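Biologist: Could you walk me through this one slowly? I would like to start with the aromatic rings and then move on to the core.

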Amino acid sequence: MGVEIKLTDNELPVSPVFIDFLLHIVEDRPFEGAQWGDQLSEIMISDQRRIVEEAPENAKRVLSHKLGQEAIGRAYKMLLALLTGDVDTIKDIQLKFHFVNVIGIPRNGGSYLTKELYRAMGYDPTKVPNVIAHDGFPDAGPFRFEKGVNSWVSSLQTMAEYLTMVEIYFGKNAPHSGKIVVPKKLLKGTYAGGFFHRILGQAVENILTVRHPVASCISTYEKSGGLPEDGRFAIRGNIEDWVRRDLVYTGADPDAVLKMDYFDAYLRYWEQYNYYVATTGLSANKAIRVVAYGKERMEQLVKSFYYRFGDTDPQPEPFEVFDKRDRHPEWIARAEPVVRRVSEVWSTVGLVFPLEEVMEGW
């Protein structure tokens, strides 16, 4: 007996950001003005609404070009390969490209490292599109199954589209040490560590950024408009929404989260996120480099990028660090046992958590 299953683009529509990317390609429009690498900006920059609203009309323009048709067809073929375990198709990607992923909780210096990695390779980061360089794509996170959404399938589809974009954007580049290097800020990599490890290749290179939860929390509420006057948790932007989402995923009552002390909610999120580093398969990769937040450490790592790509006199942009260590002394004591627990969990899978450096509090 044979069973045929048909899925159309009604069930699996092309992602709006993929359409936006392809529109630039087919109409030969330059990627300009990307602000994902702005370390100091506290403005929540989001072009997502425009991209979604314009997607139906832009899709028509993309599909009017042969290149657009081929790229969308390639993405669906890549999705089929991921769905069915077509390892040969994925292996071709792995043999051609070397992925360098910068992974860590938001406000941990990942954007700076990613930007400088691109600069070391000769790119102007303002001309590298967000979807190629930054966090949102491919998608991964706590599992969701609701009307019209299966997040596992979403991860597969956005990965297929991302790999297609990688082929288009990087495909003609000269290889370095045998492969074309593809930098990516991959905040979501912890949620599906095994998935990213197996699909991007076991030789993938991961850089993990770690920062003290108090400093991370302060940076988060500063980005969101300040600590709420009542000290309770609030949702005003993406990061705070991820905090709520992750806490609810592990059993917190959605309404109760909004009544929690701001730091208690954030600290639980920080702990969970860093547990995922050790528990979702990311640690199976042995090319992991852990860097604790700090000016000298970040800048030294960045200089190594420049040396790696042939610059004998690297001049990276400075890593701006602001001392927040005296802002909430009462939070420090609450954070210490959590930081130590994360260190212990990492050690169970052979990862060394930079405890002393993190406890500096930067």
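Biologist: Which residues do ring pairs link into a cluster?

Modeller: Ring pairs link Phe21, Phe31, Trp36, Tyr118, Tyr123, Tyr169 and Phe170 into a cluster, where rings of Phe, Tyr and Trp (its six-membered ring) pair if their centres lie within 6.5 Å. This is a predicted model, in which local features need pLDDT of at least 70 and side-chain atom pairs count only at pLDDT 80 or more, while totals for chains, interfaces and linings use all residues. Residues are numbered from 1 along each chain as its sequence is written, and side-chain values use heavy atoms, with hydrogens and water left out.

Biologist: How many aromatic pairs are there in the whole structure?

Modeller: The search finds 21 aromatic pairs. One of them is formed by Phe195 and Phe196, which are edge-to-face at 5.3 Å centre to centre, with 65 degrees between the planes; planes over 60 degrees apart count as edge-to-face, those under 30 as stacked and the rest as tilted.

Biologist: And how are Phe263 and Trp331 arranged?

Modeller: Phe263 and Trp331 are stacked, with 4.4 Å between the centres and 5 degrees between the planes. Phe263 lies in helix α12 and Trp331 in helix α14 (residues 329-348), so the pair ties together parts that are 68 residues apart in sequence. Helices here are DSSP runs (H or I, at least four residues), as strands are (E, at least two), and both are numbered from the N terminus.

Biologist: Is Trp331 buried or exposed?

Modeller: Trp331 is buried, because its relative accessibility is 4%; buried means under 20% relative accessible area, exposed over 50% and partly exposed in between, using a 1.4 Å probe and protein chains only. Phe263 is buried too, with a relative accessible area of 0%.

Biologist: Switching to the core, how many residues does the largest one have?

Modeller: The largest nonpolar core has 89 residues, and those with the most contacts inside it include Phe99, Ile132 and Trp270. A nonpolar core is a set of buried Ala, Val, Leu, Ile, Met, Phe, Trp, Tyr and Cys residues joined through side-chain atoms within 4.5 Å. Helix α12 (residues 262-279) gives the largest share of this core, eleven residues.

Biologist: What about Asn101, where is it found?

Modeller: Asn101 is in strand β1 (residues 97-103), and Asn101 is buried, with a relative accessible area of 2%. Its side chain makes a polar contact of 3.2 Å with the side chain of Asn206; a polar contact is a pair of N or O atoms within 3.5 Å, and within protein one must be able to donate a hydrogen and the other to accept it, while residues adjacent in sequence count only if both atoms are side-chain atoms.
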